[in-house]
Amino acid sequence: MEIQSTKRPGPWAGLSFVFRTLWTAARFHVAVDAGLTAAEAAAPLALLQGTRTVLADLALRRPPWGGFALLALGEAIPAFGSRVVYGPLAEAISDRVTLFLQPQWASSLLTMPWGRLTDPASQEILQGARDGSASVEVAFDLASALIRDLGRTGCALGFLFTLRPLAALMALVACCLSLLFWRLATTQWEEEQRLSALPIRQRTGVLFTILTGQGAAAELRIFGYARYVRDAWQRAIVGSQRAEGRLQLLMGMRRIAVDVACIGLTIASAVLVMAHGGSVAVEGSALWALITATQSGGDIGYWLKSLAKENQNAARLAEVLAQGRLLPRVRRPASLHRPGRSLRHVPPVRSHDEPIAALRDVTFTYPGSVAPAIQGLSLEIRSGERLALVGPNGSGKSTVIRLLVGLLSPDEGSVHRTVRVGIALQDFPRYRFTAGEYVAMGRTSWMHAEHRIRSTLRRAGLDLPPHQVLGRIRKRAKDISGGQWQRLALAKVLYSDAPLWVLDEPTSALDPLAEARLYGDFQQQSARATVVLVTHRLGAARTADRIVVLDGGRVVQDGTHAELLADRTGLYGRMWQAQSGWVQ
Amino acid sequence: MKRNTLVRLVGQAVMRDPLPLALDLLVALIQGGLYGGVVAALAHLVDVRTVRAVLLWGGAQLLVALCGRLRPVLTRRAQNGIRLALGEQLAEATARLPYADFERSDFLGDLEQATSVLHEDRVYQLVQGALTTVTEGSRIVAVSAVLVGLSPWLALPAAAAGAVQVWADARRVREQYSLYRKREDRQRFADYLGGLPKDPAVNAEVRIFGARRWLIHRWYAVWRGLQAGNHALADRQMRRDALTRGATLAVYLGAFAWGVVLAAHGQIRLGGVVALAAGVRSVQVATEEISYQMADGQRHVLHLLDAAHVIDRSAACLPSPSLKASETITATGLTYRYPGSRHRALKGVDLELRRGRLLALVGENGSGKTTLARILLGLLEPESGTIAGDGGVPARRSAVFQDFVRYHLSVREEVGLGDWSRLSDDASLWEALTAAGPGATAAAQLGLDSLPVLSGGQRQALALARGLFAQGDLVILDEPTAALDPLAEQELFGRFVSVSRGRFTVIVTHRMGAAQLADDIAVMERGRIVERGSHNELLMARGRYARMWEAQSRWYRDGSGPWRSR
């Protein structure tokens with residue numbers, strides 16, 4: 001396995017421990033109060049750096065020789081410390097941030113209302129939240145720089161005030177002005193954001209991916225459009241250059257205006273210091289303080305702006321965290337391979353009368369869409385029955401399933417389900433796990449029951465070599481064929497031991513013999529379960545206990561094959577004709 | 001070889017639009033020289049005490065800042081020039097590479113590295129690094145001139161401290177890169193695991209099966225494993241840094257003490273001490289910057305070598321010969337083995353395609369149907385065996401795959417890429433869209449040039465429209481109807497039969513109903529064609545095809561079905 005012992009040796013382990021404690025306090029803040037700002041989270045670290053610089057700046061109060069010596073140290077120590085102390089520390093912090101935030105992010109995403117994931121309105125927030133973890137890390141650096149510069153400017157201004165009050169006031173004005181100007185000026189980030197929002201910029205990305213990506217490699221060779229796409233890409237680059245150039249010139253001019261104003265004010269203050277006369281040492285110190293104050297003061301606006309950006313993403317992350325459930329404690333699992341435990345199997349209660357799941361007068365409209373996907377639909381599923389759900393593309397079959405398993409909640413009406421459900425989706429994910437893990441995901445509390453995994457794989461008709469069952473990450477999808485994938489997806493349902501199975505086109509990629517074999521195998525395995533089968537292959541649906549035909553979000557027909565076929569002109573009759581006419 | 005390609009690559013990229021780069025170089029030189037001016041002004045400031053000195057200093061500072069603001073505007077153009085030159089090379093190279101390369105994960109790693117050269121503007125950064133080196137170098141020269149004026153011996157130790165820094169940075173970069181390449185797979189796996197909750201289908205499944213905790217812990221375990229390596233690297237790095245920074249600090253403090261001694265002897269004045277300290281620090285910062293840039297450049301070069309590797313590789317590839325056929329295409333003794341696989345996917349396939357006759361390829365999963373289709377399309381080069389036509393005009397190829405491409409382009413381009421020479425032919429675009437069914441026309445309802453948001457079904461329809469628009473002589477449909485309902489499916493196959501007139505057409509399918517429509521059927525098993533003939537002949541033969549037919553049609557004929565009645 002990938003797990004290795006994670007030790008953090010080195011002389012700074014103690015420091016890292018101190019920080020860990022501080023950080024733990026901060027992170028609970030994240031968990032409890034979703035409105036935490038990145039700046040708050042960064043405070044402990046910022047203090048470390050800020051204090052150091054503030055101390056160095058205090059040295060200015062001892063002119064001339066002692067002050068110079070301290071100044072020299074103040075210059076040298078941060079330079080030394082920034083890489084030797086701060087670097088590793090920042091890395092440790094960044095690790096901790098990721099280790100804490102990523103699981104919480106994942107957990108929230110897996111517990112928030114599922115519909116949000118596909119809702120176009122919430123995409124921006126979801127995207128921002130994905131970057132939120134990185135933003136919190138960056139915010140550490142930014143906030144510490146901000147505090148450092150605040151402290152530095154404050155100290156330098158105070159010192160200057162004791163020497164030349166008027167010059168200090170002018171420097172203060174310069175700092176405030178530069179802050180004001182920074183509001184006008186744009187940062188690199190804003191520039192990048194604005195530029196990347198240009199449609200032509202996005203087009204360049206899309207086109208280049210077509211040219212060099214794996215996805216279009218086959219079609220590019222067959223259709224031979226490489227030259228066209230390359231030319232289009234070049235045109236897009238040239239076009240975006242024109243659009244960018246204008247924008248960039250504008251933003252450059254603004255920045256230059258800010259620079260001219262700030263440096264001008266600094267020069268004026270310097271002249272004032274010089275014009276006043278006084279000892280060389282005092283003058284030198286005053287100038288030094290002046291330069292420090294205006295330079296650091298000028299940076300404050302930049303830090304503030306950059307922080308605002310990171311804060312935005314952090315706030316989005318907080319928003320996502322607030323919508324889902326958090327994990328109280330994330331730890332490395334002790335081992336992924338524990339010996340199998342003995343398992344108890346409880347046979348499901350069988351009674352044909354009692355509905356184990358029901359949709360009553362359900363109406364559902366997808367966000368961003370006008371027409372409802374499901375309108376006033378009622379459906380009862382009784383324990384032990386085999387129900388086939390058929391209908392043309394876009395008739396609402398997938399929506400019914402999503403409502404049934406609780407991924408979506410209805411706008412009107414109600415959905416009841418009393419039992420656990422196992423599902424094989426048509427576009428089931430092809431995880432890059434071992435086959436063993438893939439199957440055991442059906443019931444993760446039995447993740448280590450190796451015996452059970454093997455027997456389930458056998459029951460699903462999968463005869464895989466051992467290295468694929470419990471080996472390392474599969475590197476290539478080629479190792480498992482399409483039919484095997486589909487069996488794996490079904491094996492997962494088997495392994496989940498759920499009393500209700502929802503199978504969405506479980507054989508779409510299978511050859512006829514494999515399809516027949518698979519149904520034969522699962523016929524036996526499903527004897528104890530209630531099955532909802534969604535399919536376009538009416539031959540597979542015909543012997544179901546009940547066939548429900550959907551069209552336009554409503555149930556249009558409901559009954560056994562024979563009953564439905566009695567109506568030749570009905571939707572089912574027509575579909576049956578179309579398909580069976582072919583193979584007779 | 002690789003290095004020559006690298007030099008050529010960078011050279012071409014830089015020479016594409018050299019003017020902004022030259023201007024940038026000029027600005028960089030001025031900027032560096034001005035730093036010297038600032039230090040000189042500082043040295044005179046405290047001594048001379050004139051308003052003129054302040055103005056000098058301020059003016060220098062202002063110019064430095066303005067130059068800094070000017071450079072991005074200039075370099076943007078340079079950056080685009082480099083991007084264009086490099087992209088051209090890479091696009092040409094990847095288009096020449098054989099398709100089989102895209103099936104290998106190790107090659108995909110190389111390709112990802114190679115394209116990162118463009119995405120991350122590595123050549124530009126390399127050039128930018130060189131310019132920064134020039135700036136810093138001129139800064140060192142300018143400041144050293146001032147320093148030598150104060151005390152001639154000071155430049156030496158500053159340079160010595162810098163040399164240590166260069167060594168340490170170079171080591172760091174090499175270690176980082178080798179660690180990165182070594183753990184690329186695991187890193188990608190960790191990223192993959194981390195991104196899983198975002199995928200709606202995965203998210204749904206994980207919720208339903210209650211695998212949330214397990215998934216998160218799985219990521220956690222992999223991530224922790226990766227971190228252990230990072231920490232080891234960081235620790236080594238920290239020790240090296242402590243050494244180099246210690247040396248730097250010692251030199252700086254020594255220089256300062258030297259200045260104080262000189263001042264105490266009255267050789268220099270107070271302003272001289274300030275300028276000395278600032279100057280030494282300035283030289284050190286500049287050396288560090290140069291060292292950093294050199295190390296960074298080394299990192300870029302390592303990645304650029306990957307790009308050079310891809311380009312070299314493609315140079316050795318010949319374009320697949322075009323297939324000239326008027327009436328028949330004959331394949332003889334085709335064998336194929338996927339790279340890294342132990343078994344042959346094809347073990348000697350003979351096949352004849354005739355114009356106007358639809359061939360259906362059926363067979364079990366993994367019997368080699370798709371491989372054969374890919375070889376016919378010229379995507380894969382057979383290990384042995386040949387495909388030959390009977391002369392005439394070159395045959396255009398066209399295909400619709402089960403895992404079709406999602407392009408994210410306008411409808412016109414999504415469809416028109418099939419045959420881009422007719423991209424502006426609206427009438428035939430609409431024809432293809434109509435032929436592909438209502439899903440395709442619905443996708444284009446906002447106009448051909450719209451960039452629509454598409455459902456899965458609509459994307460499949462567009463892929464079909466693209467295949468039809470290509471008007472290929474050789475058209476292959478690889479299981480295109482997996483997600484279609486019975487009525488739509490029948491309509492599509494009916495349409496395809498009419499397309500097959502006057503063309504070489506192959507359909508790969510599991511639907512025996514569709515196979516029945518074909519003129520010839522070839523049944524594959526374990527990389528060989530085991531039966532061939534018309535539907536009726538094959539049914540009479542009572543072989544594998546008959547069994548498959550029986551398995552699928554049984555449910556429609558008699559009363560049987562997959563679920564036994566209880």
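**Exercise 1. A helix across a sheet**

Find the strands of chain B that helix α11 (residues 369-376) lies across, and give its angle to β2(B).

*Solution.* Step 1: in this predicted model, helix α11 of chain B lies across β1, β2 and β4 of chain B. Contact here means heavy atoms within 4.5 Å. Helices (H or I, at least four residues) and strands (E, at least two) are DSSP runs, numbered from the N terminus.

Step 1: the helix runs at about 60° to β2(B). Axes are lines fitted to C-alpha atoms, for helices over the stretch in contact, and angles run from 0 to 180 degrees between N-to-C directions.

A note before you go on: residues are numbered from 1 along each chain as its sequence is written, and chains are lettered from A and ligands numbered from 1 in the order in which they are written. In this predicted model, local features need pLDDT of at least 70, side-chain atom pairs count only at pLDDT 80 or more, and totals for chains, interfaces and linings use all residues, while side-chain values use heavy atoms, leaving out hydrogens and water.

**Exercise 2. The sheet itself**

Work out the strand order of the open sheet of 3 strands in chain B, and explain which strands stand at the edges.

*Solution.* Step 1: the order is β2-β1-β4, and the pairing is antiparallel. Two strands pair if DSSP finds at least two bridges between them.

Step 1: β2 (346-354) and β4 (384-389) of chain B each have a single partner strand, so they stand at the edges, with one side of each left without a neighbour in the sheet.

Step 2: on average, neighbouring strands of this sheet are turned by 10° against each other, direction ignored.

Step 3: look at one pair in detail. Strand β1 (residues 328-336) of chain B is joined to β4(B) by 5 bridges, and the two run antiparallel. You can find B:T335 opposite B:S384 in β4(B).

**Exercise 3. Two cysteines**

*Solution.* The test used here is a pair of cysteine sulfur atoms within 2.5 Å.

Step 1: compare their surroundings. A:C175 is buried, at 8% relative accessibility, whereas A:C176 is partly exposed, at 41%. Buried means under 20% relative accessible area, exposed over 50%, partly exposed in between (1.4 Å probe, protein chains only).

Step 2: over all chains, the structure holds 0 disulfides.

**Exercise 4. Positive phi angles**

Locate A:D361 and B:D121, and decide whether each is buried or exposed.

*Solution.* Step 1: keep in mind that most residues other than glycine have a negative phi.

Step 1: A:D361 has a positive phi of about 50° although it is not a glycine. This residue is found in strand β1 of chain A and is exposed, with a relative accessible area of 52%.

Step 2: B:D121, which is not a glycine either, also has a positive phi of about 50°. B:D121 lies in the loop between α4 (105-119) and α5 (122-150) of chain B, and it counts as buried, at 11% relative accessibility.

**Exercise 5. A residue in a strand**

Describe the setting of A:T363 in chain A.

*Solution.* Step 1: A:T363 is in strand β1 (residues 355-364) of chain A.

Step 1: its relative accessibility is 16%, so A:T363 counts as buried.

Step 2: leaving aside neighbours within four places in sequence, its contacts include A:P372, A:I374 and A:D411.

**Exercise 6. How confident is the model?**

*Solution.* Step 1: pLDDT is the predictor's confidence in each residue, from 0 to 100.

Step 1: within chain A, confidence is lowest in helix α1 (residues 13-32), at a mean of 42, and highest in strand β8 (residues 546-551), at 92. Over residues 333-348 of chain A the pLDDT is below 50, and this stretch has 23 contacts in the model beyond near neighbours in sequence.

Step 2: For the complex, the predictor gives an ipTM of 0.79 and a pTM of 0.74.
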